[in-house]
Amino acid sequence: MKTKTAVANAGNLIMTGVLLMLLGDLLFALNDAMGKWLMASFAVGQVLVIRSVGAFIVLGPMILRQGPVALFRIEQKGLQFIRVIMATGDVALFYAAVAYLPLADVMTFYMAGPIYIAALSHFFLGEKIGWRRWLAVLVGFTGVVIALRPSTAMLSLPSFFGLAGSFAFALSLVMSRYLRSTSDTTLVTWQTVAALVTGIGLSIGNWQPATLVDWSGMLLLGVVATCAHLLITRSLKLAPASLLAPLQYTLLLWAIVLGYIFFNDIPDTQIVIGAAIIVFAGLFIFHRKNLKETVPAEAVPPDGH
């Protein structure tokens with residue numbers, strides 16, 4: 001009887017983890033759509049500033065519970081600084097990209113994050129990958145090239161923003177794994193502070209008057225993104241990362257749906273083909289990691305925003 005009860009409890013925890021991951025993905029997709037809407041009227045810097053203030057509505061109680069002094073007791077300050085730069089670049093470049101490109105296009109670039117992580121982890125974390133996963137990495141890069149539309153958009157600045165942002169996202173996750181002894185509260189707080197400082201710098205001379213609805217939207221942006229991050233972090237503690245990892249690709253589905261509903265964006269054939277190749281390659285990489293029993297929780301791709 002006790003064994004059956006334990007199995008049932010474990011099953012309930014896993015199901016809770018799956019539901020939290022799906023909800024977190026939905027919140028991240030809403031965050032992305034809200035960001036695209038705000039970027040139509042405001043500069044990246046201004047959105048980053050108010051978004052960061054909104055994030056502290058959620059982070060404030062967590063910092064008080066952990067103790068503010070703990071924020072300064074961190075390991076390897078040099079790597080922490082680099083990680084913060086990458087995480088900030090990820091957010092800024094994402095919003096710069098969605099200001100000009102459909103949500104589905106930008107999310108296609110970001111869905112390649114796990115593929116970058118697989119390659120980077122081999123060199124920086126010593127996580128050896130076999131020839132099958134290397135082949136999947138190459139196939140995934142092919143999908144990125146197709147989505148970039150080599151004939152035209154590959155040379156456009158918005159596409160570069162999306163590509164560079166997804167690479168910065170992957171680097172920040174690899175470094176998060178390397179610095180995994182640092183608490184989530186500390187990691188998120190410092191990247192939020194960096195986003196705030198960066199936003200202040202970028203908004204000089206670009207600050208626009210806004211309505212109460214606009215201010216509320218920018219604050220809500222920070223609250224939604226932080227809640228999504230916390231939901232996904234909690235889900236990884238309740239269910240295996242190998243089970244949750246493929247659910248991250250629902251972000252692409254939500255991007256297509258929300259892009260159509262709010263912006264009347266319909267992805268073209270080239271984006272759909274590139275996205276399908278990237279998703280296939282990413283799922284294969286996760287599958288091989290599961291077989292090897294080496295799936296790291298931090299390799300699961302949140303939108304990082």
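Me: Which element gives the most to the lining of the second largest pocket?

Reply: A pocket is an open set of points on a 1 Å grid over the protein atoms alone, where a 1.4 Å probe fits, with protein on both sides within 12 Å along at least five of seven lines; lining residues have an atom within 4 Å of a point. In this predicted model, helix 3 gives the most, with five residues. Helices are DSSP runs (H or I, at least four residues), numbered from the N terminus.

Me: Which residues line the second largest pocket?

Reply: The lining is made up of Ile74, Lys77, Gln80, Phe81, Val84, Ile85, Trp190, Val193, Ala194 and Thr198. Two or more of the lining residues come from each of helix 3 (77–98) and helix 8 (184–203).

Me: What is proline 102 in contact with, leaving aside its neighbours within four places in sequence?

Reply: Contact means heavy atoms within 4.5 Å. Proline 102 touches Lys36 and Asp265 in this sense. Its C-alpha atom lies 9.7 Å from that of alanine 33, 69 residues away along the chain.

Me: What is the average pLDDT of the chain?

Reply: The predictor's confidence in each residue (pLDDT, from 0 to 100) averages 80 over the chain, and 81% of the residues score at least 70.

Me: Which conventions apply to numbering and values?

Reply: Residues are numbered from 1 along each chain as its sequence is written, and side-chain values use heavy atoms, with hydrogens and water left out. Local features need pLDDT of at least 70 and side-chain atom pairs count only at 80 or more, whereas totals for chains, interfaces and linings use all residues.
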